[in-house]
Amino acid sequence: MEPPSEDDWAVAANRARMHASTAIQARIDGQAGAFAAALMTGDRSGISAATNDSMRASNLFHIISISGLHMGMLAGFVFATLRYGLALVPALALRLPVKKLAAGVALLAASAYLWLAGPNVATERAYVMAAVMLVAVLVDRRAISLRSIAVAAVILLLRKPESLTDPGFQMSFGATAALILAWGPWQAVQGRVPALLRPVAALTVSSLAASMATAPIAAAHFNRMAEYGLLANLLAVPVMGTLVMPAGVIAAVLAPLGLAGLPLWIMEIGCLWILWVSDWVAGLDGAVVAVPSPPGGVLALMAAGALLAVLARGAPRWIGAGGVVLSAVLWAGAARPPLLVSADGMLLGLLGPEGRALSQPRGAGYVADSWLEDDGDLAEQDQAAARPGFTGPKNAREAMLAGVPVRQLTGKTAPEALPAACADGALVILAGEAPEGWGAKGRARPGASQIPQHVSQGADPDPDCDLWDSRRLRRSGALAIWPDGAGGLRIVTARDISGTRLWNNRR
């Protein structure tokens, strides 16, 4: 609650970030200005939802978030400019360690970029990887190798062990490792490629290697694959590296002198091109393909197999390759739960021939989106609710699963409808607390008082159903339900999966 300190570096960085972002967007109009501000400062507040969706569909969203691409391009541009600039002055080039000087200045530039962009996880990860490579140059070690990636990973994991499960961490290190592994074979064959085609071929090889390494990770975490992501990156990344980032660095250097107009104009042209590529690729038929979530452990098996195939020699390498193939087979054969029940009982999802049918067209939107994404389904909630599967009014929905009636009761009239619904061995989901006297199996609890007259009047004295009301669902969490093969249902609760924890041990 106390006011910020005047010498707080984080506050100073935020002020500088917003000042720079405002200045960039004042000189570059529209989404191009917002895009340029995001690249240079990390401020993404001006980017519209439509632009974000387009960038995701074209697999260019990684360009918006300051990560390894930006840090590498900035540090690489500063390093190359200073090194080759000093090499043009023989008196300096013959007397000074030009390469180390360039690496030191590039490290300072990367540090300033980290300070300006803010210490978010992706930027910190990119900085550590760039810093390890630049320090390797300073101490006469090989800058780009699998060892440098390992050092960067160890530093990050010691500082934030939980980042191992972060999609950005996995994709960054997967892409970087793939690029280094692809570099050796490319060097062996690049001499056979015509000189004019060599840059295009190198970009194609690098983009293909990075895409192959990151596609399974992205599909597992986000349930989507951009079919034309390679095409979009081939058209956008070269412009990013040759126009946008160099112009941005030059604009930052010239801004104090009031001479940033020309580099910002060049930067605007590059940003407009990238945005056009993103919109064009995102508009192609089949640009986005939905992918179902893999079973638990499949992504870890794929990663372990890939590591073994890369690092081992002889027979173990083939074992690693077999692990990758096995993980792909397990993923392709994954079965989704036929019936899902949300933790509050407000939404049910029944898997059918047209996809998962939802019991409600609105409400519980986050849950609905998560279920459909995990199914590899691009439908919206209202579209999924229109599929065949559930019948009846919105407050008394009914479906069948393996011959067992499934009934959902919602709204204020749910308690009155409970006696009629609790019959025929049905699975009853009550979005609310059952009246006093109703047990988990739809029967009066031992020692409980008599069921209220307004509920029990006309009801079967020994009702027959499996009742899950909100009280019971709070203890269990959401439900995943399968037929048990014997005419009944097998229910797996969220708590069965998570186990007992300090925060869910209340009865």
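**Spaces and a helix face**

Analyst: Helix H7 gives the largest share of the lining of the largest cavity, 3 residues. The model is predicted.

User: What makes this space a cavity?

Analyst: A cavity is a set of points where a 1.4 Å probe fits but cannot get out. The structure holds 1 cavity of 30 Å³ or more, and about 70 Å³ of space lies in the largest cavity.

User: Which residues line the largest cavity, and how do they divide by class?

Analyst: The lining is made up of Val121, Glu124, Arg125, Leu156, Arg159, Lys160, Ser163 and Phe169. By class there are 3 nonpolar, 1 polar and 4 charged residues. Helices H7 (121-138) and H8 each give two or more residues to this lining.

User: What is the volume of the second largest pocket, and which residues are closest to its centre?

Analyst: Its volume is about 1400 Å³. Among the 35 lining residues, Gly174, Ala177, Ala303, Ala306 and Leu307 are the closest to the centre. Helix H13 supplies the largest share of the lining, 10 residues. The classes are 31 nonpolar, 3 polar and 1 charged.

User: Why are the buried residues of H15 said to line one face of the helix?

Analyst: Buried means under 20% relative accessible area, and in H15 (residues 365-375) Ala368, Trp371, Leu372 and Asp375 are buried. Down the axis of H15 these residues fall within an arc of 95 degrees, so they line one face.

User: What covers the buried residues of H15?

Analyst: The cover includes strands E3 (339-341), E4 (348-352) and E5 (355-358), and helix H16 (381-385).

Note on methods
Residues are numbered from 1 along each chain as its sequence is written. This is a predicted model: local features need pLDDT of at least 70, side-chain atom pairs count only at pLDDT 80 or more; totals for chains, interfaces and linings use all residues. Side-chain values use heavy atoms; hydrogens and water are left out. Buried means under 20% relative accessible area, exposed over 50%, partly exposed in between (1.4 Å probe, protein chains only). Helices (H or I, at least four residues) and strands (E, at least two) are DSSP runs, numbered from the N terminus. The arc is that of the directions from the helix axis to the C-beta atoms. Contact means heavy atoms within 4.5 Å. On a 1 Å grid over the protein atoms alone, a cavity is a set of points where a 1.4 Å probe fits but cannot get out, and a pocket is an open set with protein on both sides within 12 Å along at least five of seven lines; lining residues have an atom within 4 Å of a point. Grid points are joined across faces, edges and corners, and a volume is the space filled by probe spheres set on the points. Ala, Val, Leu, Ile, Met, Phe, Trp, Tyr, Cys and Pro count as nonpolar, Asp, Glu, Lys and Arg as charged, and the others, Gly among them, as polar.
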